Amino acid sequence: METSNLWKTYHENIRLFIKSKVKNDQIVDDLIQETFIKVHSNKNKLRDHSKIKSWLFTIARNTVYDYLKENKQTTDFVKEQIYEETTDHSEKDCLPELINRLPEKYRKPLLLSDVKGFKQKQIAEQLGIPLSTVKSQIQRARKMIIQGYMDCCDYKLDDKGKLVGETKEKENCKICR
């Protein structure tokens with residue numbers, strides 16, 4: 001995969017995408033250049049070459065978002081708008097179903113902690129169970145979600161214990177289809 005071939009094939013589409021977010025032509029040119037520098041620097045990290053286009057647009061999206069953030073022009077709405085335009089399916093689509101599939105005794109403490117932001121001590125008091133039980137249930141729920149991503153989307157754990165991989169197309173996802 002040569003960067004020059006990627007440039008020839010995709011630079012006009014990337015330009016149009018960036019131009020839809022940033023109106024200044026000079027900045028658009030700078031962001032295209034920055035995008036393809038990142039592409040060139042990271043091209044050996046792409047595992048699935050069938051997803052090259054979505055990979056390129058993800059890099060472009062992140063480059064635009066970083067620019068907007070640095071220039072204090074971004075909001076959550078802009079971030080979501082950029083995200084929605086570049087992907088049809090993401091790991092976010094799988095998460096609600098993975099949470100729904102958790103047994104109730106794990107789902108409830110996880111939602112109270114990670115979604116509603118309650119402290120674990122508050123959760124223990126609210127549910128009337130020992131703090132150590134709440135802690136272990138939240139940890140088990142998180143592990144079940146990680147395993148769910150591994151089962152659903154073939155993610156793997158890297159050497160640092162972080163999930164790595166690429167989201168499958170929706171029709172290939174075992175949870176979202």
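Asp48 is found in the loop that joins helix 2 (25–42) to helix 3 (52–70). The model in which this residue is described is a predicted one. With a relative accessible area of 30%, Asp48 is classed as partly exposed, because that class lies between the cut-off for buried residues, under 20%, and the cut-off for exposed residues, over 50%.

The position of Asp48 can also be described by reference to Gly165. In sequence, 117 residues separate Asp48 and Gly165. In space, the C-alpha atoms of Asp48 and Gly165 are 9.5 Å apart.

## The protein as a whole

The secondary structure consists of 8 helices and 2 strands. Read from the N terminus, the order of these elements is α-α-α-α-α-α-α-α-β-β.

The protein has 177 residues, of which 36% count as buried. Its exposed surface comes to about 11,400 Å², and 49% of that area is supplied by carbon and sulfur atoms. Among contacts with a sequence separation of 6 or more, 54% are between residues 24 or more positions apart.

## Helix 6 and helix 7

Helix 6 comprises residues 104–115, and helix 7 comprises residues 120–127. The two helices pack at an angle of about 135°, and their axes are 10 Å apart. Helix 6 is therefore oblique to helix 7, since an angle would have to be over 145 degrees to count as roughly antiparallel, and 65 to 115 degrees to count as roughly perpendicular.

The crossing of helix 6 and helix 7 is right-handed. On the side of helix 6, the contact is formed by Lys108, Pro109, Leu112 and Ser113. Helix 7 contributes Ile123, Gln126 and Leu127.

Is Ser113 buried or exposed? Its relative accessibility is 13%, and Ser113 therefore counts as buried, the cut-off being under 20%.

Which residues does Ser113 contact, apart from its neighbours within four places in sequence? They are Phe118, Ile123, Ile138 and Arg142.

Definitions and conventions:
Residues numbered from 1 in each chain as written. Predicted model: local features only at pLDDT ≥ 70, side-chain atom pairs only at ≥ 80, totals over all residues. Heavy atoms only, no water. Helix = DSSP H or I, 4+ residues; strand = E, 2+ residues; numbered from the N terminus. Buried < 20%, exposed > 50% of the residue type's maximum accessible area, 1.4 Å probe, protein only. Contact = heavy atoms within 4.5 Å. Areas by Shrake-Rupley, 256 points an atom, 1.4 Å probe, with all protein chains shown as cover. Axes fitted to C-alpha atoms, helices over the stretch in contact; angles between N-to-C directions. Parallel < 35°, antiparallel > 145°, perpendicular 65-115°, else oblique. Left-handed = near helix turned anticlockwise from the far one by under 90°.
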